[in-house]
Amino acid sequence: MYPTENANWPCVDYGVHGNFCQTDNSTLTVWLQGTLSSGDKTTVKGRLANQYSPTDLAVQYPASPSYSGSAETDIVYQQSTSGMSGSTIGFTWCDDAVSSTRCDQQYVRFRYHGIDAELACHETGHAVGLTHGQNAFPAVANDNSSLGCMETPDIGNRPSLGATNVGAINATY
């Protein structure tokens, strides 16, 4: 769980691509923008229900998003190619840092429609502070099976968080 000895960047607004933070509290409000297909919305909701709701995070879907103020929507999901380079298929960034480690609003962007369950689980993991294996402490290989959906690259066969990540979420929130 960010921060670690291997992932200790500061949480800042619009930080460097890949420099995600922890969300700011255990109530996880989510907005699925209209740029997502209905299938993508179903996939994200399924991962949130099956993998994140059973943790100490309380997933909620407000009637409308909040993009400003002290109670911004925690994760805003969208589909766009903007900011995507090379083979990147998804990324997460902080829009409103509230401390050196916490963010009030994070965005998750997917390059394509038709996202799989592992990618939805993976990018949501970054939005709550989960790291890749090389950024964990102690570091493990990025494809270590204990990482569950946080393995990289996304090979589509580990759509769940795994016990290690559930433990990290519950210890943090």
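**Close-up views of a predicted protein chain**

**View 1. The whole chain.** Of the 173 residues of the protein chain, 46% count as buried (buried is under 20% relative accessible area, exposed is over 50% and partly exposed lies in between, with a 1.4 Å probe and protein chains only). This is a predicted model, in which local features need pLDDT of at least 70 and side-chain atom pairs count only at pLDDT 80 or more, while totals for chains, interfaces and linings use all residues. Residues are numbered from 1 along each chain as its sequence is written, and side-chain values use heavy atoms, with hydrogens and water left out. The secondary structure comes to 3 helices and 7 strands, where helices (H or I, at least four residues) and strands (E, at least two) are DSSP runs numbered from the N terminus. Follow the sequence and you will read β-β-α-β-β-β-β-β-α-α. The radius of gyration is 14 Å, close to the 16 Å that the globule rule gives for 173 residues, so the chain is as compact as a globular protein of that length (the radius is taken over C-alpha atoms, and the rule is 2.2 Å times the number of residues to the power 0.38). Along the principal axes, the C-alpha atoms fill a box of roughly 40 × 35 × 35 Å. Among contacts with a separation of 6 or more, 70% come from residues 24 or more positions apart; contact means heavy atoms within 4.5 Å.

View 2. Within α3 (residues 163-172), look for the buried residues Asn165, Ala168 and Ile169. They cover an arc of only 95 degrees around the axis, which puts them on the same side of α3; the arc is that of the directions from the helix axis to the C-beta atoms. An α-helix has 3.6 residues a turn, so residues three or four places apart point the same way. On the face turned away from the buried side of α3 sit the exposed residues Ala163 and Ala171. The cover over the buried residues of α3 includes α1 (38-52) and α2 (117-128).

**View 3. Where α1 meets α2.** These two helices, α1 and α2, pack at an angle of about 65 degrees, with their axes 9 Å apart. Axes here are lines fitted to C-alpha atoms, for helices over the stretch in contact, and angles run from 0 to 180 degrees between N-to-C directions. From α1, the residues Thr43, Val44, Arg47, Leu48, Gln51 and Tyr52 meet Ala117, Ala120, Cys121, Thr124, Gly125 and Val128 of α2. Sorted by class, this contact of α1 with α2 has 7 nonpolar, 4 polar and 1 charged residues (Ala, Val, Leu, Ile, Met, Phe, Trp, Tyr, Cys and Pro count as nonpolar, Asp, Glu, Lys and Arg as charged, and the others, Gly among them, as polar).

**View 4. Cis peptide bonds before proline.** Tyrosine 2 and proline 3 are joined by a cis peptide bond, with omega about -5 degrees. Proline 3 lies in the segment before β1 (22-23). Threonine 152 and proline 153 are also joined by a cis peptide bond, with omega about 5 degrees. Proline 153 belongs to the loop between α2 and α3.

View 5. Glutamine 106 is in strand β7 (residues 106-110) and is buried, with a relative accessible area of 0%. Its C-alpha is 8.7 Å from that of tyrosine 77, although glutamine 106 and tyrosine 77 are 29 residues apart in sequence. Glycine 114, in the loop between β7 and α2, counts as exposed at 65% relative accessibility.
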